[in-house]
Amino acid sequence: MNPCTYAKHLMLPLLFALAFTLPTGCGSKAEPAPAASAEEAVQRIAKGLEENKPVVLWQALPASYQKDIHALMHEAIGKIDEKSWEDTVKTAQMLHKVLRTKKEFIINHPIIADMFGKEKASKLIDGLLPILGEILDSDLAYHSKAKTIDLASFLDTTGSKIMAHLLETVKSLPGVAENSRLMGLAEELRNDKATKVSGDGDKVVLRLEVKGKEPKEKEFVRVEGKWIPKEMADDYAEGMKKARAQLAAITDKDWAKVNAILKIGSSDVQAQLTLLEQAATQEEFNTLLTALMERAMGGIESVAGKHTRNTGGGHRGPIDQYFYDVNAKKLFVVAGDKLPPIDAPSGKGKAFKAYVFSCGDCSNEEERFVGYYEGFTAEYKAVIERAKKAAESGKATGPEDMLFMEEGYGKGRLISTDAITWFEQNSPEGIAINHELSKKCEIGGRLRPCYPGFD
């Protein structure tokens, strides 16, 4: 399976829970009696969400649904070994500390500042810190508790705090709240008024009204004494069947690979976070974070085609990238999902990806310069290309290929300042290239990455 497929399978049970919103604590609480009518059921949810109580969504589910979701989630978490879980939690704890202690370095990193702006980046970190802290203080931080976690308690305590933090953060960001799916969903669920239009017994149609929006009608049915949307009831059995089948399809060998990848990934990220935590100056921090960001945005993500941009009209497509024709000694532009090296347009030799920067305005060609060139070894590129083809055809990437991509990235990705002499990205020479790049704009301006079409 490719990384995205693994993530989907690993998170599937959590997504069922998160569909009814966010995380956790301990000490279960007696569930209130079912609503007497569909109107009352809707108003309970509206009132609960207004008070940042996501548990009302869980309480609105039929008992058999709750049982199924618990079983699925517990089984999936139980398949992840305790050490891998602990390593992942430790990584999250280290990330929390870096965000807290190095916030000023983070928001002043040139790429972060250029991408978000310092004020927005600061608010994002301020919002993320308490959310991550609540999760790390919950039962999710302990594998033995997580694999038997009670979602009613989970949502009633920490979930309430996280929901409040999340909504507060979104509201604090200009232009984000208006376009946020979370805010949109919250507003839809916080119906101002629910009125019965027709129906009787266990089937009714409600007119739902929200301020500033057109009223809409929705069918509700009573299942095991709970009123839920008819579309949910109609789709539930098939959806749960598919979820169980997907979970069952992951073999013990697959789970072993997942656990190995979690351990490898955690160890690598922890090493990087340790370096970030120890950074004493902005320059040192910039060098380390830039190298980490380049790695995170490299070949593995290209399998899923994640380098995207808004090209207008709501369409999202690959970010165009600069490539360098070694024979012609000039830059040209190609779609960002091409893995270097590729055949050069001059018809002779190869072309490599060029990471272009500026200390000032990217639109000024005279101020742009190549920081370094990128290529991949033939072996590593072959594995990534195989994974891309599998993803495009809807097939799963083999676990061996997935493990190779994770383990071999540091050696498989090569960088150069002249497209002739190449170094592994994690070698002393490769690290030195990034270090020298970070000092390029010391005299004046700030280091900015430049992309075609973003000038």
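Q: Is the crossing of α5 and α8 left-handed or right-handed?
A: First, a heads-up: this is a predicted model, where local features need pLDDT of at least 70, side-chain atom pairs count only at pLDDT 80 or more, and totals for chains, interfaces and linings use all residues. Residues are numbered from 1 along each chain as its sequence is written, and side-chain values use heavy atoms, with hydrogens and water left out. A crossing counts as left-handed if the near helix is turned anticlockwise from the far one by less than a right angle, and as right-handed if clockwise. For α5 and α8, the crossing is left-handed.

Q: How are α5 and α8 oriented to each other?
A: Helices here are DSSP runs of H or I with at least four residues, strands are E runs of at least two, and both are numbered from the N terminus. Helix α5 (residues 82-101) packs against α8 at about 150°, the axes being 10 Å apart; axes are lines fitted to C-alpha atoms, for helices over the stretch in contact, and angles run from 0 to 180 degrees between N-to-C directions. Angles under 35 degrees count as roughly parallel, over 145 as roughly antiparallel, 65 to 115 as roughly perpendicular and the rest as oblique. So α5 and α8 are roughly antiparallel.

Q: How many nonpolar residues are in the contact of α5 with α8?
A: Contact means heavy atoms within 4.5 Å, and the residues involved include Val89 and Leu99 of α5 and Leu128 and Leu132 of α8. Ala, Val, Leu, Ile, Met, Phe, Trp, Tyr, Cys and Pro count as nonpolar, Asp, Glu, Lys and Arg as charged, and the others, Gly among them, as polar. Three residues of this contact are polar and one is charged, while the nonpolar ones number nine.

Q: At roughly what angle do the axes of α8 and α11 cross?
A: These two helices are roughly antiparallel to each other. Helix α8 (residues 118-136) and helix α11 (residues 158-172) have axes that come within 9 Å, and the crossing is at roughly 175°.

Q: Which residue in β3 is the bridge partner of Val204?
A: Strands pair if DSSP finds at least two bridges between them. Strands β2 (residues 203-209) and β3 (residues 216-223) run antiparallel and share six bridges. In β3, the partner of Val204 is Phe220.

Q: Which helix has the lowest mean pLDDT among the elements of the chain?
A: pLDDT is the predictor's confidence in each residue, from 0 to 100, and the chain averages 78. The highest mean, 95, belongs to α6 (residues 103-107), and the lowest, 36, to helix α1.
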